[in-house]
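I opened this entry to look up how the parts of one chain are arranged. My notes follow the model itself.

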Amino acid sequence: MFARNKVLQSAAIALALSAAFAMTPATAQESTDPIKLTLHDWTGQLITTEIMGEVLKKGGYNIEYVQADYLAQFAGLEAGDLHVAMEMWETTGRDAMDAATATGKVENIGPTGMKAKEEWWFPEYMKEKCPGLPNWEALKEASCAEAFSTAETAPKGRYLGGPVTWGGFDDERVQALDLPFEVIHAGTDAALFAELESAYQRQAPIMLWIYAPHWAPAKYKGEWVEFPAYTKECYEDPKWGSNAAAQYDCGKPFGEIWKVGWSGVKDKWPGAYAAIKAFTINNDEMGAMITKVDLDGKSVSDVVAEWMGANEARWSGWIKK
């Protein structure tokens, strides 16, 4: 009887331990060190990052959010001081991403499912003053440039670009295409769209950087400028395009929004790596969530919690992969 009880007791202990390991795969089988996810300065990226962080927490992982510069973050990713960046846009970050992945210390973990578009944008009402739009060559006309001017830039037009840290080569584009415009960089994402709102309400002239997925292209009537189509050669070979002496004489590239990370993630946290790779979301979902934060005044955390509650079957599948 004693021996039988001993066997039963041992079996019960083994079963309990097995259950504990099954419930906490990250802590039982992988490193308990925090996975450091980078935060940037636009709403959509804060949302994707917090969704990923909350999903990983559900899988038992220790998560830390770290504010980091969009392009300069690659030094930290290469060193392993930072671990995952949830949004690297094909439109602005491809060069930095390719340079980092070429070292072997950073990995492209795959697409987010969202498609990126970033380009010069103008309100529909500006076509009366610059009827050649959306063709970029209309911007070369002195009258068109003046229509987009401000007291500070006249007679040159004013182009309101994103924060300097976003990259995008707009200063180089103006020079390469010989556009009579002055590039002014907004200090923050919020400032960029606050100025658009103010100008739009007053029917005032404005040309600025608009990106998608975002709520702005849906809220405001307008168009993106049609520059010569991007090619890799445009950014690398001065002989390509209309200006044989300069690069960037074309528009921005369109394409994927990528997930990137320190190459050690897959060995240190293999379950987390699988979840990050499985993460996917589309433009419509993201645009709706950005709207709730930027226009409806909800917090990022509240919007993420709402999404988590509505999509449990979906994200739970990510952490089982």
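The entries below cover the domains, their interface, a database range, salt bridges and some backbone points.

**Basis.** I am working from a predicted model, in which local features need pLDDT of at least 70, side-chain atom pairs count only at pLDDT 80 or more, and totals for chains, interfaces and linings use all residues. Residues are numbered from 1 along each chain as its sequence is written, and side-chain values use heavy atoms, with hydrogens and water left out.

**Domains.** I looked up the domain assignment, which gives domain 1 as 24–112 + 256–320 and domain 2 as 116–236. Such bounds come from an automatic or database assignment. Taken over C-alpha atoms, the centres of domain 1 and domain 2 are separated by 30 Å.

**Interface.** I counted contacts (heavy atoms within 4.5 Å) and found 19 residues of domain 1 touching 18 residues of domain 2. The buried area is about 1600 Å², and carbon and sulfur atoms give 61% of this area. Buried area here is the accessible area (1.4 Å probe) that two parts lose on being put together, summed over both. On the domain 1 side, D41, W89 and T92 supply 28% of what domain 1 buries against domain 2, more than any other three residues.

I then checked the polar side of this interface. The rule finds 0 salt bridges between domain 1 and domain 2, a salt bridge being a side-chain nitrogen of Lys or Arg within 4 Å of a carboxyl oxygen of Asp or Glu. It does find 3 residue pairs in polar contact, both residues at pLDDT 80 or more. A polar contact is a pair of N or O atoms within 3.5 Å; within protein, one must be able to donate a hydrogen and the other to accept it, and residues adjacent in sequence count only if both atoms are side-chain atoms.

Which elements give two or more residues to the side of domain 1 that touches domain 2? They are α5 (90–102), β9 (255–262) and α13 (283–294). I note that α13 gives the most, with 6 residues. Helices (H or I, at least four residues) and strands (E, at least two) are DSSP runs, numbered from the N terminus.

**Database range.** An unreviewed UniProt entry lists residues 33–308 as "domain: ABC-type glycine betaine transport system substrate-binding". Such annotations may be inferred rather than shown by experiment. I find 38% helix and 22% strand over residues 33–308, with the end C-alpha atoms 24 Å apart.

**Salt bridges.** My count by the rule is 15. One I looked at joins D98 and R94, with the closest N and O atoms 3.0 Å apart. D98 and R94 both lie in helix α5, 4 residues apart, about one turn of the helix.

**Backbone.** I found a cis peptide bond from L133 to P134, with omega near 15°; P134 sits in the loop between β4 (106–123) and α6 (142–147). The bond from A154 to P155 is also cis, with omega near 5°, and P155 is in the loop between α6 and β5 (157–161). D178, a residue other than glycine, has a positive phi near 55°, and its place is the loop between α7 (170–176) and β6 (181–185).
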